[in-house]
Amino acid sequence: MADEQTDKQEFNLDSPQWYLNRELTWLEFNRRVLHEGQDPRTPLLERIKFLAIVGSNLDEFFMKRIGGLKQQVGAGVRSLTVDGRSPGEQIAECHESVRDILRRKEELEEELLGLLTAQGIRIVNYQQLDRDQQREAGRYFHDNIYPLLTPQGMDPAHPFPFISNLSINLLVVTRYENDDHFFLNRIKMPTGVGVPRFIKIGGGHLYIRFEDLIANNLAALFPGLLIESCSLFRVTRNAITEENAEKANDLLAVIETALRDRKFAEIVRLEIEPGMNPSHRGMLAAELGIDESKDVFAAKGIIGKRDFFQIASIDLPELRCPPHQPCDHFRLTGESRNIFHIIREFGSLLLQHPYESFECTVLRFLREASQDPKVLAIKMTLYRTSADSGIIPCLINAAKNGKQVAVVVELKARFDESANIRWAEQMEEAGVHVTYGVVGLKTHSKVIFVVRRDFDGLRRYAHIGTGNYHAGTARMYADLGILTCDPVIAEDLTELFNYLTTGYAPDRNYRKLLPSPRVLKKALLEKISREIALHSEKTPGRIQFKTNALEDKDITAALYKASMAGVKVDLIVRDSCRLRPGIAGLSENVRVISVVGRFLEHCRIYYFHNGGEEEYFIGSADIMKRNLEERVEVITPVEPPELRVQLRRFLEFQLGDQRSAWEMQPDGSYVQRSGEDQVSCHEKLIRQAEKRLSDAQQQVKLRRKKIIKRKKA
């Protein structure tokens, strides 16, 4: 009894020391992404892509996470996170980590530019061009850039101009000849209007940066003036705006207002060239209202490294990963039959993207639903989509075909608000019933629900997924989905959509689905406790979670308890993870890995051994407080044995990966695995999907041969 009390005191699960910080572990994830750019095993243009990804990720980190922390500081928030840090402490530690990542990025950029040059892809300064090339660049400037430029003076008659988020700007200092008075001017680079960041010169792969081209043609903008200096700068604004949705009469108007407010939100970061005049640096910091010592980042190389996506997209297959074309789902290939008949025959189909085609599975399901005369109603949740996905045209077509179509559009999907407003308006004009979910909750679930009049009466079909209905990300994100006509799941989805379209939350009876915010967290905690209770030497317990983030304290504490009880816990966590594995007596039965590679890991799988009565779940929710308590998520069981076999292989490929997997250490750092098997889980999953398809096609051929033989006989 005394020993038990000692253990409980030693491992007080309310102690901050057992919880890692969300922001710092997310930055640690970006170190792993950056390592893919540093790894010589990665093809060159893919390495450039990872450099761009880290640049884009850090932009979003400052807009969302640092922006939110600065708001907390401004509001006087003093409460500590579960890891024991104040908002100010988190900002300071994040800045320190970011500066180290920036240094590594700068070193990588220099290395990659050298490797590009060796492959005939040169990004040079304007002064390195020969006379003919400069003339060509000059013509491009005058024809395509000069008309778009608007120099803005900064003096008592011209107040400091508004600097838009992530815009690239030149601070130009000019003066008249024989005059010591200097003029300050700002020029905004014309991004997003068809002018590429890297301008191609000649017929090969020779590029100059557009800011360099502008800087060398300033005489056209300031005739008769001498150019004293020219420095690049870029600002990042807070993307977190106040949305009093709970008190709003019109959520659409609230979101539109928030989007306008975001354009004028406070500055959270200023990036400058290292050689900028210190007085100009101080002036910019003062005018932008930021702390020069903390919020100014001098960046070597190109400012705004996300623009390297342009270089990464150069069409040179020999410098890329072997091309991957998503294959047909093995149950749906070559089928002219109605997809609903196939689902009814096989019960449920597990979809694995991008290994299997999004277009030939999810989009086909929705497209056939919109055209099938027996389909009476379509209901769907829409968090993010794309202009080329075909989702919106299918829904509009379904409404035009007389079907009842109801779509729950999430207007607060960060950075997709404008697009979602546009889609909502288009659908409403076509007769689609559009709602915006439940007040105070984001609708993050990924569900399509179809009601069809089959030969034996009404039957309900569904797609439940882990990823957005977005054709572009379906080729880059690793996601799962299920097509099913399970009658109990269908009844649960009827309850869910009634909740989403009315906002009322009486005691709804969900028999199979685990939706949040009311059911999921409680269910996960109960299942973890059950795993502890069922654990024995004869039937050892096992929990395996695959998620993008493990942030919720209660779930983390429950997993610690499971480990202390002897339950083996495998966690495949892409980025943020609060739990510290490998601590003797506390988490020695836990291993945490992160897979970073060709595709972005995005699916969620929850597995419980359950005393041998195994349970598998997939769905949209990460193990974060916001997902479990502040969003509408859907987790569905996967029950057919053949689908469980697929999920088991999926998990084993990831847990056994020796190429793309990283092991978390007790202090929160990661060590990349380096085993003999250098085939990543992504490549193995590609091969597995191709083999499933090949085997199915072979079976079709054999059946046809047997039919022909019977006919001849």
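The legends below describe close-up views of a predicted model.

**Figure 1. Overall view of the chain.** The predicted model holds 713 residues, and 55% of them count as buried. The fold includes 20 helices and 27 strands. Along the principal axes, the C-alpha atoms fill a box of roughly 95 × 80 × 60 Å. The radius of gyration is 28 Å. A compact globule with 713 residues would have a value near 27 Å, so the two agree.

**Figure 2. A patch of positive charge on the surface.** Seven residues are labelled in this view: Lys701, Arg703, Arg704, Lys705, Lys706, Lys709 and Arg710. Together they gather in a surface patch of positive charge. One of them, Arg704, belongs to helix H20, which covers residues 681–712. Arg704 is exposed, because its relative accessible area of 53% lies over the 50% cut-off.

**Figure 3. The salt bridge between Arg281 and Glu292.** The count for the model comes to 56 salt bridges. In the pair shown here, the closest N and O atoms of Arg281 and Glu292 are 3.3 Å apart. Arg281 lies in helix H8 (residues 278–288), and Glu292 lies in helix H9 (residues 292–295). The pair therefore ties together parts that are 11 residues apart in sequence. Arg281 counts as partly exposed, at 24% relative accessibility. Glu292 is also partly exposed, with a relative accessible area of 32%.

**Figure 4. Lys521 and its salt bridge to Asp554.** The closest N and O atoms of Lys521 and Asp554 are 2.7 Å apart. How accessible is Lys521, buried or exposed? Lys521 is buried, because its relative accessible area is 10%, under the 20% cut-off. Asp554 is partly exposed, with a relative accessible area of 41%.

**Figure 5. Lys521 and its salt bridge to Glu629.** The side chain of Lys521 also meets that of Glu629 in a salt bridge, at 2.6 Å from N to O. Here the link runs from helix H16, with Lys521, to helix H18 (residues 625–629), with Glu629. The partners are 108 residues apart, and the pair joins distant parts of the chain. Glu629 is partly exposed, with a relative accessible area of 30%.

**Figure 6. Asn57 in helix H3.** Asn57 has its place in helix H3, which spans residues 44–74. The relative accessible area of Asn57 is 17%. Asn57 is therefore buried, as the cut-off is under 20%.

How values were computed: Residues are numbered from 1 along each chain as its sequence is written. This is a predicted model: local features need pLDDT of at least 70, side-chain atom pairs count only at pLDDT 80 or more; totals for chains, interfaces and linings use all residues. Side-chain values use heavy atoms; hydrogens and water are left out. Patches are made of residues with over 30% relative accessible area and no salt bridge: like charges are joined within 9 Å, nonpolar side chains (Val, Leu, Ile, Met, Phe, Trp, Tyr) within 5 Å. Accessible areas come from the Shrake-Rupley method with a 1.4 Å probe; for residues, only the protein chains shown count as cover. A salt bridge is a side-chain nitrogen of Lys or Arg within 4 Å of a carboxyl oxygen of Asp or Glu. Lys and Arg count as positive and Asp and Glu as negative; His and the chain ends are not counted. The place of a charge is taken as NZ of Lys, CZ of Arg, CG of Asp or CD of Glu. Helices (H or I, at least four residues) and strands (E, at least two) are DSSP runs, numbered from the N terminus. Buried means under 20% relative accessible area, exposed over 50%, partly exposed in between (1.4 Å probe, protein chains only). The radius of gyration is taken over C-alpha atoms; the globule rule is 2.2 Å times the number of residues to the power 0.38.
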